[in-house]
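Please work through the exercises below with the structure at hand.

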Amino acid sequence: MTRRSFLRVAPRQWSDAWDGTKAIAPLMVGCAIFGMAFGALIRDAGINPWAGLFGTTTVVAGASQIAIVEAVRANAPAIVAILTAILINARFALYSAALAPMWAEFPRRWRFGLAYFMTDQSAVIAMREAEGQEVVRRRWFAAGASVSFVVVWVLGTILGLILGPIIPEHWQVGFIVPLMFIAVLVPGLRNLAQLVTIAGAAAVVLLGHGWPFGLNVFFGIIAGMAAGATFDAWQEKRRAVVGGLS
Amino acid sequence: MNIWLIFLAAAIGTYLIRISGVVLLKDEERIPVPVRRALRMVGPAAMGAIIVNSLFLDHGEWRAFGAWHIAAAVAIAMAIWRRSEGWSMLAGALVFAALIATVA
């Protein structure tokens, strides 16, 4: 019985997942190259490749993984490596909070599973598309985007572990990071409040450029959110006043 | 401490962070309106912060003006013009590669 109904709805759900995969597909090349760079870094640092693979499949967050390897290579205490990684990943708490109402109706195992595969890219795409998606489509779409992206990340890492540092340093593959996030951010920009958000975030990131552990990024995100929300509230109030006058 | 344990600890911490909001904030009605408003801005805030941090800073120091900034400007222009992730990345990557190749 259950099986039949599963088979009956499956094509629809597969297609919802596939839509999620397609939505994130333009970023996959960047993700694979970044994964390769991490794999090569593991080799370069003389770390056991299996440990590197373990890190990439369990932490699933590139910038923090690189920070761990750099800390270990610099002979920093383990606790510093761990805390740095966790602070760099603190922004996921904000995505998680923003996604919570959109995922509230998902079964518990879905919420716990999708959280594991949460990346900046898939979180932002899931949020952008969640509005207007009915709840079953929403979770399959999120799964299709986030799981496929993590698979590409892991495959990229494996390739980097096998091939080592084949990408010359002067290619500066680090440029993938701003490029990927420009591609996610800019086409979806719709209103002034979002620009105020970006300006607020940028200001704090730059002012805090000497702060350790990536704290300028975390507080930049908070500042941007506060700036955008304040502007949004002010705009809404102004519209209400203007509306009341006319 | 061994690298496996460092990764494991970071992974557990990161997973707890990832799950935090999803577990604690299920009921939207209980989130104050200003916080809800702010949470709607998390995408642009995070993307903007990461872009600015990687583009203008390099390990906390200012990045010298050059290929990064020019190629990023092209990617932004392309993203606005075509409203497309793929075109934005392609244009940015090609311009970046060309600039790097001419300098090297």
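**Conventions**

This is a predicted model, in which local features need pLDDT of at least 70 and side-chain atom pairs count only at pLDDT 80 or more, while totals for chains, interfaces and linings use all residues. Residues are numbered from 1 along each chain as its sequence is written, and chains are lettered from A and ligands numbered from 1 in the order in which they are written.

**Exercise 1. Confidence**

State the scores of the model and the mean pLDDT of chain B.

Solution. Step one: the model has an ipTM of 0.93 and a pTM of 0.88. Step two: pLDDT is the predictor's confidence in each residue, from 0 to 100. For chain B its mean is 93, and 98% of the residues of chain B reach 70 or more.

**Exercise 2. The make-up of chain A**

Determine how many helices and strands chain A has, and what share of its residues is buried.

Solution. Step one: helices (H or I, at least four residues) and strands (E, at least two) are DSSP runs, numbered from the N terminus. Chain A has 12 helices and 0 strands. Step two: a residue is buried if 20 or more other C-beta atoms lie within 10 Å of its own, exposed if 12 or fewer, and partly exposed in between, with C-beta atoms placed from the backbone. By this rule 50% of the 246 residues of chain A are buried. Step three: along the principal axes, the C-alpha atoms of chain A fill a box of roughly 70 × 60 × 35 Å.

**Exercise 3. The faces of a helix**

Explain why the buried residues of H7(A) line one face of the helix.

Solution. Step one: the buried residues of helix H7 (residues 108–116) of chain A are A:Arg111, A:Leu114 and A:Ala115. Step two: seen down the axis of H7(A), they fall within an arc of 105°, so they line one face of the helix. The arc is that of the directions from the helix axis to the C-beta atoms. Step three: an α-helix has 3.6 residues a turn, so residues three or four places apart point the same way. Step four: the buried residues of H7(A) pack against helix H6 (91–103) and helix H9 (135–163) of chain A, together with helix H1 (3–24) of chain B.

**Exercise 4. The contact between the chains**

Find how many residues of each chain are in contact with the other, and which element of chain B gives the most.

Solution. Step one: two residues are in contact if their C-beta atoms, placed from the backbone, lie within 7 Å. In this sense 61 residues of chain B are in contact with 78 residues of chain A. Step two: H1(B) gives the most to the side of chain B that touches chain A, with 17 residues.

**Exercise 5. A pair of crossing helices**

Describe how H11(A) lies relative to H3(B).

Solution. Step one: the axes of helix H11 (residues 192–207) of chain A and helix H3 (residues 42–56) of chain B come within 8 Å and cross at roughly 40°. Axes are lines fitted to C-alpha atoms, for helices over the stretch in contact, and angles run from 0 to 180 degrees between N-to-C directions. Step two: angles under 35 degrees count as roughly parallel, over 145 as roughly antiparallel, 65 to 115 as roughly perpendicular and the rest as oblique. H11(A) and H3(B) are therefore oblique to each other. Step three: among the residues that meet are A:Gln194 and A:Thr197 in H11(A), and B:Pro44 and B:Ala45 in H3(B).

**Exercise 6. Two buried residues**

State why A:Tyr95 and B:Ser88 count as buried, and name what each touches.

Solution. Step one: A:Tyr95, in helix H6 of chain A, is buried because 27 other C-beta atoms lie within 10 Å. Not counting residues up to four places away in sequence, A:Tyr95 touches A:Met118, A:Ala123 and B:Val42. Step two: B:Ser88, in helix H5 of chain B, is buried because it has 28 C-beta neighbours inside 10 Å. With residues up to four places away in sequence again left out, B:Ser88 touches A:Ile182, A:Ala183, A:Val186, A:Pro187, B:Ala75, B:Met78 and B:Ala79.
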